[in-house]
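Please look over the sequence and the model shown here before reading the notes that come after them. The briefing is arranged by topic, so that each point can be checked against the structure.

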Amino acid sequence: MALAKAAGQRDEDGRTSILSASTLVGPATIFVCAGLLLPLLILFRYSLNRFEPRRMMVEALSAENYLKFFSDPYYTGIFWTTLYVAGLCTVICLVLGLPLAYALARTQTRFKNILIVLVVLPLFVGNAVRAAGWMTLLGNKGFLNVTLMDLGIIDAPMQMMFTEGAVIVGIVAVNLPYMVLTLQSVIEGINRALEEAAFSLGAGPYEMTRRVLLPLALPGLLAGTILTFILGMNAYATPVLLGGPKFKMMGPLVFGQFQLNNWPFGAATAFILMSATLVLTATANILVQRRYRR
Amino acid sequence: MARLQLTNVTKRYGEMKAVDDVSLDVANGEFLVLLGPSGCGKTTTLRTIAGFVEPTSGSVRLDGKDVTDLPPWKRNAGLVFQSYALFPHLTVSQNVAFGLEMRKIPKADMPARIAEALRLVRLDHLGERLPRQLSGGQQQRVALARALVFRPDILLLDEPLSNLDAKLRQDVRVEIRELQRKLGLTTVMVTHDQEEALTMADRLVVMSEGRIRQIGTQHDLYERPADRFVADFVGRSNFIDGTIEAPGRFRSGGGLEIACGEGRTGTATLALRPERVAVLGSDAAATDNRFEGRVEFLSYLGAAIDLHVRISHAERVIVQLPNRPENAPPKIGDAVNLGWNRETARVFQD
C-alpha cells in the first residue's frame, strides 16, 4: 500500500508525496551514511593524526603520513605494482571476456542459463578456498610441476607459486565472471540486425566489430573495465595467498598497518588507494566518452 | 545491376526444410516479390541470397558468377531490414557513408556520393541528424539510401514497409517502385502483405512450407491460381467442395448441381472470386448457374459491400457488390438470386 501510494503520486498535497518518497529512499540512505560515509570521514580524520610507537595514535593535523608514503620508494613501489597488476588483469579480462561474452550473448541454445551459471561458478567458491585450489595446481609439488616432471619436460620444479604471475592468474580468474556478465548483458541489447547490416554493407568481421559492435557495447566495456579494475586494485586474499610474503599490493599493505596498530598511516594508505582508483576510473570514463561521443 | 539465379536451393534445419528446392531466375532490372505467410521460407530465401544463410544444397549465382560460398560482405547486395537497422551511434550521413568506406571509395568522392544518395530519397537536409531523431518513414528512407549508395548489384528488401503506418505505406510503395525502375535495379522483396506485393512487383513468387507454389505476374496469380493455396492467399476465394460427376457437371457437398469448366470426374474443389458472382435481378440474362439463397451476414466496406449468402445447408458464399447508388443493397434475411457462368469458377483437383 505504502509503495503504491508513493509511486502513484496522487496525494492531494505535495508534502505527503515527498514524505512517502523519503520512506522509499530513506533506509538505504541512512544505511549508506552510517555504514560508509561516517567511517570514511573518521578514517580520513585518523589519516591526519600522528603515530608514536608508545602512545599509538596522537591527535594532530598534518599531512606527514601522505608525505611518508610518497617519499619512500618501498611504498611507491607497492603502489606501482598494484596499479600494474590491476591494469594488466583488467586488460586480460577484457581480451578473454569479450569473445566469451559475445558467444554467450548470441547463442541460441536452450542451455544458455546453464552456460551463464558456469561462468559465475568460480564466484561460488570463496577466495581462500580458490587460492588453496591454485596452490595444489601451481605449488612446487603441485599438479603442474609433478606432471611436467613425470613427463620429463623439466628436471626441477618451476617456481610458480608466490610469483606475480600467480597473483595475476588468480585475480583474472576472480574478475573474469564480472567482466563477462557485464559485457554479455550489453551485447544482448544490441540488435543482431545491426551486425548483419554492417556485413551487408561490406564490413568483414573485424571492421564490423571495430565500427559497430565495440562502439555500441561501449557502456558495457566501460562498466566491466571499471568493475574489474576496482576489484583488482583492492584485491586482498589473492595477493596474500598466491603472492606470498614478499609480494606486496596495496590491499594487504593497508590491513597490515592496522594490524601494527598504525591507524594513521593505514588510513592514509587506504585513502591513497581509494583516490587513485577513483581518479583513474573517472578519467578513463571521461576520455572514452569524449572520444566516442558524436 | 545483375541477373540473379537460384538453382534448387534447399535449407534444412535438422528435419525441418525451411527452404525446399527453390529455383528462381530474376532478370536484370526486375522487381520480384516473395509472398507468403510467416514461416513459408521467404525470409530464409532472401537471407540465402544476402549470404547470411548457407544453403544445405543448391547454388546462388549473380550475373552468372557462383556466390553460394561468398560471405555477405563480398556479395555487393544492398539490404534493407524490417527494423531498418540504422547504426544508432552514427549520423544519417555516416550511416550512408558506411558502405562507401568499406569499399575504400576515395575520401574526396564521398560527400558527393552521400549527397546524391540522400537526394534520391529526399533527405538531403537531414544528413547531420541521428537516426533516433527521425520519424519511422525517414529512417526507412535512410536505410534505402544506405543500401543504394554503393551501387549494389542487387537490392534486397525484407518486409521494408511493415513498420510504417498504413497511409504512409501506400506512398512509400510507389516511391520505392519508381526509384527502383529509375535505377534499373534488380530487386527481391519479401512480404506477407498481398496488396503490397501486387502493387510493387513485376513478378510474384507465392511460397508456403518452404516451397514455391506459383511464379507469375499479378494477372497470372489472380486469374489462374495454380492451386487452392494460391487462390486463397492472393485475393479471396469461395471454396465449394464436391465431385465432378460428368464432364462439366459438379455436385457440391450440399447437393447443388453446378455447371463447371474443365475437369475429370472425381473429387474436386471449385474456387469462386466474390466479385465475380452476380446478384441477379428478376429480369437478368440467363447464366450457367443460378441459385437462390438468403443473406445471412452483410458488411459495408465503403467501396463495396460483402454479402454472405447461404445457398445450401452446407454452402455459404461471399459475394462482393460494388457500392453504387443503383445497387440498393439487400438486408440480412432477404432472398437473393446468385449467378455465375461455368468458366468463372476455377476447378482444383489433386
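This is a predicted model: local features need pLDDT of at least 70, side-chain atom pairs count only at pLDDT 80 or more; totals for chains, interfaces and linings use all residues.

**The interface of chain B and chain A**

- The contact draws on 23 residues from chain B and 19 residues from chain A.
- On the side of chain B, the residues that lose the most area to chain A are B:Trp73, B:His89 and B:Met102, which together account for 34% of what that side buries.
- Two salt bridges are counted between chain B and chain A, and a salt bridge joins the side chains of B:Glu101 and A:Arg211, at 2.7 Å from N to O.
- Five residue pairs are found in polar contact across this interface, both residues of each pair being at pLDDT 80 or more.
- Within chain B, strand S6 (77–80) and helix H2 (92–102) each supply at least two residues of the side that touches chain A, and the largest share of that side, five residues, comes from H2(B).
- Sorted by class, the side of chain B that touches chain A consists of 15 nonpolar, four polar and four charged residues.

**Packing of two helices in chain A**

- Two packed helices are described by the angle between their axes and the distance between the axes.
- In chain A, helix H4 (residues 73–106) packs with helix H12 (residues 250–259) at an angle of about 140 degrees, and their axes are 9 Å apart.
- H4(A) is therefore oblique to H12(A), because an angle over 145 degrees would be needed to count as roughly antiparallel.
- From H4(A), the residues A:Tyr75, A:Ile78, A:Phe79 and A:Thr82 meet A:Met250, A:Leu253 and A:Gln257 of H12(A).
- By class, this contact of H4(A) with H12(A) has five nonpolar and two polar residues, and no charged residues.

**Salt bridges**

- Side chains of opposite charge can pair when their charged atoms come close.
- Over all chains, the count comes to 31 salt bridges.
- Among them is the salt bridge between the side chains of A:Glu188 and A:Lys112, at 2.8 Å from N to O.
- This pair links distant parts of the chain, 76 residues apart, with A:Glu188 in helix H8 (residues 164–188) of chain A and A:Lys112 in helix H5 (residues 112–120) of chain A.

How values were computed: Residues are numbered from 1 along each chain as its sequence is written. Chains are lettered from A and ligands numbered from 1 in the order in which they are written. Side-chain values use heavy atoms; hydrogens and water are left out. Contact means heavy atoms within 4.5 Å. Buried area is the accessible area (1.4 Å probe) that two parts lose on being put together, summed over both. A salt bridge is a side-chain nitrogen of Lys or Arg within 4 Å of a carboxyl oxygen of Asp or Glu. A polar contact is a pair of N or O atoms within 3.5 Å; within protein, one must be able to donate a hydrogen and the other to accept it, and residues adjacent in sequence count only if both atoms are side-chain atoms. Helices (H or I, at least four residues) and strands (E, at least two) are DSSP runs, numbered from the N terminus. Ala, Val, Leu, Ile, Met, Phe, Trp, Tyr, Cys and Pro count as nonpolar, Asp, Glu, Lys and Arg as charged, and the others, Gly among them, as polar. Axes are lines fitted to C-alpha atoms, for helices over the stretch in contact, and angles run from 0 to 180 degrees between N-to-C directions. Angles under 35 degrees count as roughly parallel, over 145 as roughly antiparallel, 65 to 115 as roughly perpendicular and the rest as oblique.
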